[in-house]
Amino acid sequence: MSNVLFIKANGLPAESSVSVTLYETFLESYKKNHPADQVTELNLFEADLPYYDGVMMSGLHKEVAGEPLSADEKRLADIANGYLDQFLKADKVVMAFPLWNFSIPAQFLTYLFYLNQAGKTFKYTPEGPVGLVGDKKVALLNARGGIYSDGPMESYEMSLNYVKNILNHFGITDVETVVVEGHNAAPDQAQTIIEAGRKEAELLAAKF
Ligand SMILES: Cc1cc2nc3c(=O)[nH]c(=O)nc-3n(C[C@H](O)[C@H](O)[C@H](O)COP(=O)(O)O)c2cc1C
């Protein structure tokens, strides 16, 4: 039995969101095909995700150094570590997110900051950082209105590439992706483009 964490980084309902459509399609197909697995859902738009600020940073730092924490530092360090522990316990992780302003929603960025902790998800070595959680399997479900997979906007794509680089930094190389793109750029083809992505998510979930 696998422990699977489903992360949704969009607060819209599926009718108004391609990434949430992919998320729900994947979730339904996953549950159908892996009925014994333990599934946990995390909606980042409903979660308590305080900014990664100076108090949180000093709390996390003091914890590692074994120094006493103020009440505020402890509260914020506990929040970050709660999300990190949940991520570490998962055998498989599914992340659904849109491209916004070439990047990812702030909620998702904050969440990824919580996960980036030296000694937990990666470590520093003389040869550079080394990932520590390479045994995880991850599926990334990404929606973007324009075309970024090739052409003039390719280098502006900092949503999927960013998340992939973070996972690589953690040592995670078993990463599958479903990308829906160009549905805003070509509205007359939007339905066909989205349906192809939905089908891809359904098939990937069955074998994930
Ligand atoms: C705040 C915001 C910023 C966006 N920025 C971009 C952008 O930079 N490039 C682009 O191609 N589409 C952009 N879009 C369009 C989204 O990528 C597109 O609507 C995609 O389907 C979003 O995923 P969703 O349907 O799950 O919300 C933006 C949409 C929003 C709401």
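Which residues in α2 meet which residues in α3? In this predicted model, V55, M56, S58, G59, L60, K62 and E63 in α2 meet D72, E73, K74, L76, A77 and A80 in α3. By class, the residues of this contact of α2 with α3 divide into six nonpolar, two polar and five charged.

**Packing of the two helices**

Two packed helices are described by the angle between their axes and by the distance between those axes. Helix α2 covers residues 54-65 and helix α3 covers residues 71-89. Their packing angle is about 85°, and their axes lie 8 Å apart. An angle from 65 to 115 degrees counts as roughly perpendicular, and α2 and α3 are therefore roughly perpendicular to each other.

**Surroundings of the ligand**

The shell around the ligand holds 16 residues, of which S17, S19, P98, G145 and G146 come nearest. Two or more residues of this shell are given by each of the elements α1 (18-33) and β6 (137-144). Helix α1 gives the most, with three residues.

**Annotated domain**

An unreviewed UniProt entry places the feature "domain: Flavodoxin-like fold" at residues 3-201. Over residues 3-201 the chain is 40% helix and 22% strand. The end C-alpha atoms of this stretch are 19 Å apart.

How values were computed: Residues numbered from 1 in each chain as written. Predicted model: local features only at pLDDT ≥ 70, side-chain atom pairs only at ≥ 80, totals over all residues. Near = placed C-beta within 6 Å. Helix = DSSP H or I, 4+ residues; strand = E, 2+ residues; numbered from the N terminus. UniProt positions renumbered as here; feature names shortened; annotations may be inferred. Axes fitted to C-alpha atoms, helices over the stretch in contact; angles between N-to-C directions. Parallel < 35°, antiparallel > 145°, perpendicular 65-115°, else oblique. Contact = placed C-beta atoms within 7 Å. Nonpolar A, V, L, I, M, F, W, Y, C, P; charged D, E, K, R; others polar.
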